[in-house]
Amino acid sequence: MSDKERRWKCGKCSQELVQQKVVFNYLGHTFSHDLPACPDCGQVFISKELAEGRIAELEEELEDK
Amino acid sequence: MKLEEATAYTAKCFHGEPASCSYACPFHLDIRSFMARAAEGKWSRAYKQLREATVFPLIVSILCDQPCRTRCQRTLLGDEAIAIRDVEAACVRYVKNRKPQSYAIPPKKERIAVVGAGVAGLSCALNLAQKKFNVTVFEKEGTWGGVLRNHDRFAGFAEELELQFSAVKVDFRYNTEITSLEELAEYDAVYIATGEGGESFGLLDSWNPELFTTRENKIFLGGMLTGATLMEGIAQGIVVSKIIEGYLQTGKAALSPDMRYDKNYCGRYLDHEGAVSKPLVAASSPDGYTEEEAKQEAARCLLCDCDKCMVACEMLKRFKKTPKMIAVEVFADTQVNPPFSTRSLTRQAYSCNICGYCKSICPENVDVGSLLQLSRRGRMNDGVHPAALHDFWLREMDFATSEGSYTAAPRGKDSCEYVFFPGCQLGASNPEYVLKTYAYLEQKYACGVMLACCGAPAYWAGDDKRMEDNLQRIRQGWEELGKPVFVFACATCESLFAQFLPEIGRISLYEILAKDDSIVPTQPFAEAAVFDPCNARGDEEMQEGVRKLAEKAGITVEELKEKNRCCGHGGHIRVANPSLYDEIAHNRAAASEKPYIVYCVNCREVFSLKEKKAVHVLDMVFDTGSSDRLPTLQEKRDNSLEVKKKLMASIEGAEFTPEKHAWDDLVLLIDDETQKEMERKLISAGDLKEAIWLAETTGQKFIDESDGMCLASMVKPVITYWVQYREVGPKTYQVHSAYYHRIRIKEEE
């Protein structure tokens, strides 16, 4: 099964994940983005694709500043 | 930080400064760029440069005595110096338009008198007239030219003077001899250039050869009257015009920085390694070069400019900044005020191997690595360092200086004369390296042991505090052992001790081993190249020791063309700049077709990953036979603990029990591909075990109920790790993937 086909649920609350505004911090910069998260406990889901793609790019940009 | 603190590192760098020939040239013509333009037949641009520098290019290209040629570095190759004047003459001949430019600047009200219409006075007069000053030239003879009037080519020279003065307004008063300076009282400045033996109005004894001033305010003096040559006279006229201009604006005669030339620099030569000898281009006609010949001759110019470090170092090549630019940016980065301004050097600062190679090949010992190290320290002290770039190695250092550390005198003793300091990675790479070496040293020299870290991770991270704490621990251990001499297996450890703990005696393990005739190392290859680590630079004993051991093994040793280059590991750049790290490692692996003998485990690891055959010299000495498969990050930690456990047992008869974690019992099944990826990303199995344990204990994870696949994350101070896994048995998990990010999800308030 490919990662895209997976239907992840929160392991703690058994809730389907919903898009939620998530706030991030890095090196003194704060920014937000909509990401899947548990509607009950707020646990945020970050896929490998996102972590190693857009997030890694963003990290590099912020490190260079 | 002050700007001077950073620029002091590169003060001696002369990249971009005039070449030796230009320092010798009376006009300080930038011969290098003139020749580059001439070689391409860009006569118009070359002529413009020549005109600006010499004022009378035709006269100079015929009469210059060419002191530049005595400083032409082509002669170092055994060739004749570039025919600089002949190329200049060709430029004057082949340029299409020699008409002087007229400058659209407002006229000035100040009046300047020039006494003497020889070329020295004329060059000054012309330059001031170009700036729209009111210039009057007094000449006792009936025409201009001074000593040139007697030259058989004077007609041509007079044409040149006519041409160059055609775009300016100057009041020439011929047949007017000035007998007293009082006649010139109405002028704002006066330049006396009356030629050899000419009238000096009694001011020669007060003449300042640097500023051309005299004791009389506003009276300047120069040219052949002061003993200058014809060319020097023209050049002086140009300089004097600038000094007079400054004097009229400020009331003070002074040299601006661009007018200061230290002639001593005309002896600053480069080694021109790899440059090819090329004979002088002979002119086919007595009239001088054809256009093509002039271009060919100009192309012989070596364009002498020092760029050795920027050519040799992959990092400097990639970032395309000169050492001096880097110094300014090191300072500028300390002055930023985000988000209004941002830093420009961060990535480069953390991409340097700090291997010292630039310094070793620099004719002036400029050390860009130390400069970037200063930048790293500054960032760390200011709390603006990107911590993730060095986090992995700092955690490894913390392990090596806590759970992994062990200091002991030899069995049954409290102190020792020697103590073996293997460094944190030797035992991690292969426990036998440390265990067999120690067994040998203990038996032979009653040697103690110190398992610790030299502090390289802190040093390279710019973490002064961590560094100092570690040095303190080492110093204390050394004192407790009775101040023994340290025996080093790692060149980095030894070089850091030399720098930070000079009070401690040092000896290289390889020097000791090489002196022992009973040691006969095995011969893994008939021929090999010794790859000296960067930090062994200057450590002759260590380098020599390894070569002797190779010789004893019967290996024919090839010397690498470039020695002591960093394998890529230095400075811990791997996270900051993975592609640069990869490029450097690739280049070092390709430096010889022969297999390598190495004596740094980090070099060995880098080459192993590049599938370059490399054997650690200890494998030859103690037949430790390290396999080609590198230990994983977790195995390295386990190896370090095994070394400590075995040494403690053999020295003290004590049992060492490593710290126990609740997750230690978990069994992870990791396929080769995933393991390889984890190693590349510096994710250890221990971290994944902890993450899985946390997820399984708290339920804080994601789950795909269709097949029981789980995804969990673990937040460490700097990095958040993620692991996708599935339970396949009791406390047994198959790892499907592992990744990380550095940004932090903000916890809800």
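## A parallel pair in chain B

Strand β1 (residues 111–115) and strand β2 (residues 134–138) of chain B run parallel, joined by five bridges. Helices and strands here are DSSP runs, numbered from the N terminus: helices are H or I with at least four residues, strands are E with at least two. Two strands pair if DSSP finds at least two bridges between them. One bridge links B:Ile112 with B:Val135 in β2(B).

This is a predicted model: local features need pLDDT of at least 70, side-chain atom pairs count only at pLDDT 80 or more, and totals for chains, interfaces and linings use all residues. Residues are numbered from 1 along each chain as its sequence is written, while chains are lettered from A and ligands numbered from 1 in the order in which they are written.

## The parallel sheet

β1(B) and β2(B) belong to an open sheet of five strands. Its order is β3-β2-β1-β4-β5 (chain B), and the pairing is parallel. Which strands stand at the edges? They are β3 (170–173) and β5 (219–221) of chain B, and each pairs on one side only. From one strand to the next, the twist averages 20°.

Helix α9 (residues 230–250) of chain B packs on this sheet. The helix touches β1, β4 (189–192) and β5 of chain B. Touching means contact: the C-beta atoms of two residues, placed from the backbone, lie within 7 Å. The direction of α9(B) makes about 160° with that of β4(B). Such angles run from 0 to 180 degrees between N-to-C directions, with axes fitted as lines to C-alpha atoms, for helices over the stretch in contact.

## The mixed sheet

Chain B also holds an open sheet of five strands with mixed pairing, in the order β6-β8-β7-β9-β10. β6 (406–408) and β10 of chain B each have a single partner strand, so one side of each is left without a neighbour in the sheet. Neighbouring strands are turned by 25° against each other on average, direction ignored.

Inside this sheet, β7(B) and β9(B) pair in the parallel sense over four bridges. B:Val419 has B:Phe486 in β9(B) as its bridge partner. Helix α22(B) packs on the sheet and touches β7, β9 and β10 of chain B. Its direction makes about 160° with that of β10(B).

## An enclosed helix

How many of the ten residues of α22 (residues 491–500) of chain B are buried? Seven are, so the helix is largely enclosed by the rest of the structure. A residue is buried if 20 or more other C-beta atoms lie within 10 Å of its own, exposed if 12 or fewer, and partly exposed in between; these atoms are placed from the backbone.

The buried residues are B:Ala491, B:Thr492, B:Cys493, B:Glu494, B:Ser495, B:Leu496 and B:Phe497. Their cover includes the strands β7 (418–421), β9 (485–488) and β10 (506–508) of chain B. The helices α20 (456–461) and α24 (540–552) of chain B are also among the covering elements.

## A buried alanine

B:Ala89 lies in helix α6 (residues 84–94) of chain B. Is B:Ala89 buried or exposed? B:Ala89 counts as buried because 22 C-beta neighbours lie inside 10 Å. Leaving out residues up to four places away in sequence, B:Ala89 touches B:Ser61, B:Ile62 and B:Gly288. B:Arg411 is 322 residues from B:Ala89 along the chain, and their C-alpha atoms are separated by 84 Å.

## Chain B as a whole

Chain B has 30 helices and 20 strands. Its C-alpha atoms fill a box of roughly 115 × 70 × 50 Å, taken along the principal axes. The radius of gyration is 36 Å, but a compact globule of 749 residues would have one near 27 Å. This radius is taken over C-alpha atoms, and the globule rule is 2.2 Å times the number of residues to the power 0.38. Buried residues make up 47% of the 749 residues.

An automatic or database domain assignment gives the domain bounds. Chain B is divided into domain 1 (3–10 + 307–385), domain 2 (20–98 + 270–299), domain 3 (111–259), domain 4 (391–646) and domain 5 (667–741). The centres of domain 1 and domain 2 of chain B, taken over C-alpha atoms, are 36 Å apart.

## Where chain A meets chain B

The contact takes 28 residues from chain A and 29 residues from chain B. On chain A, β1 (9–10), β2 (18–26) and α1 (48–64) each supply at least two residues of the side that touches chain B. α1(A) gives the most, with eight residues.

β1(A) pairs with strand β16 (residues 702–704) of chain B in the antiparallel sense, over two bridges. There, A:Lys9 stands opposite B:Ile703 in β16(B).
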